[in-house]
Amino acid sequence: MTTFFVPFLQAATNGAAPSASQQLMQTAVPFVAIIAIFYFLLIRPQNKKQKETQRMLDALKKGDKVITIGGIHGTVSSVKEKTVIVKVDENCKIEFNRPAIATVEKSEAELAKEAENKKGKKSSDSASAEVKEDNK
């Protein structure tokens with residue numbers, strides 16, 4: 001059975017042993033590929049998510065509706081340097097560290113504004129498509 005593969009192996013290597021640089025390339029290429037895959041699939045998305053979370057925490061302001069990592073819903077009543085005081089009920093305020101805020105709920109006005117922006121963007125995209133068709 002091994003005699004079947006011998007002609008193919010001899011043809012592939014031309015009967016000569018691979019040089020040191022070829023062996024180095026054969027060893028290094030898979031490692032570089034694995035590092036690149038890890039970077040694009042794991043490290044880069046995590047860095048983007050971390051930056052987005054930091055921007056959200058930096059933009060906290062009084063009146064924002066928030067949800068903590070513990071699942072507590074409330075409204076920000078004041079913002080300090082490292083902490084946020086969240087009003088949970090009429091007479092109940094709790095102080096949290098900023099990183100304990102998981103999400104900021106968007107108000108109806110913000111959602112309407114985003115919808116208008118998307119609608120405006122779609123209409124401008126369709127208008128530019130019409131202009132391109134007219135130019136043809």
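Among contacts in the chain between residues at least 6 apart in sequence, 34% join residues at least 24 apart; contact here means heavy atoms within 4.5 Å. The model is predicted, so local features need pLDDT of at least 70 and side-chain atom pairs count only at pLDDT 80 or more, while totals for chains, interfaces and linings use all residues. Residues are numbered from 1 along each chain as its sequence is written, and side-chain values use heavy atoms, with hydrogens and water left out.

**Confidence and overall fold**

The term pLDDT denotes the predictor's confidence in each residue, from 0 to 100. For this chain the mean pLDDT is 81, and 74% of the residues reach 70 or more. Confidence is lowest in helix H1 (residues 2–13), with a mean of 52, and highest in strand E4 (residues 92–97), with a mean of 96.

The chain contains three helices and five strands. Helices (H or I, at least four residues) and strands (E, at least two) are DSSP runs, numbered from the N terminus. Along the sequence, these elements follow the pattern α-α-β-β-β-β-β-α.

**Surface and core**

The chain has an accessible surface of about 11500 Å², of which 60% belongs to carbon and sulfur atoms; such areas come from the Shrake-Rupley method with a 1.4 Å probe, and for residues only the protein chains shown count as cover. Of the 136 residues, 12% count as buried. Buried means under 20% relative accessible area, exposed means over 50%, and partly exposed lies in between (1.4 Å probe, protein chains only).

Which residues make up the largest nonpolar core? Its nine residues are Leu57, Leu60, Val66, Val76, Val84, Val86, Phe96, Ala100 and Ile101. A nonpolar core is a set of buried Ala, Val, Leu, Ile, Met, Phe, Trp, Tyr and Cys residues joined through side-chain atoms within 4.5 Å.

Isoleucine 101 lies in strand E5 and counts as buried because its relative accessible area is 3%. Beyond four places in sequence, Ile101 touches Met56, Leu57, Leu60, Val66, Ile67, Thr68 and Val86.

Threonine 68 lies in strand E1 (residues 65–68). This threonine 68 is buried because its relative accessibility is 4%. With residues up to four places away set aside, Thr68 touches Phe96, Ala100, Ile101 and Ala102. Lysine 65 also has its place in strand E1, and its contacts, apart from neighbours within four places in sequence, are Gly74, Thr75, Thr103, Val104 and Glu105.

Isoleucine 94 is found in strand E4. Its relative accessible area is 27%, and therefore isoleucine 94 is partly exposed. Leaving aside neighbours within four places, Ile94 is in contact with Val84, Ile85, Val86 and Val88.

| Pair | Separation in sequence | C-alpha to C-alpha distance |
|---|---|---|
| Lysine 65 and lysine 87 | 22 residues | 9.4 Å |
| Isoleucine 94 and valine 76 | 18 residues | 9.6 Å |
| Isoleucine 101 and valine 66 | 35 residues | 6.8 Å |

**The largest pocket**

About 320 Å³ of space lies in the largest pocket. On a 1 Å grid over the protein atoms alone, a pocket is an open set of points where a 1.4 Å probe fits, with protein on both sides within 12 Å along at least five of seven lines, and lining residues have an atom within 4 Å of a point. Grid points are joined across faces, edges and corners, and the volume is the space filled by probe spheres set on the points.

The lining of the largest pocket has 13 residues, of which Asp64, Val104, Glu105, Lys106 and Glu110 lie nearest its centre. Helix H2 (20–58), strand E5 (101–105) and helix H3 (108–135) each supply at least two residues of this lining.
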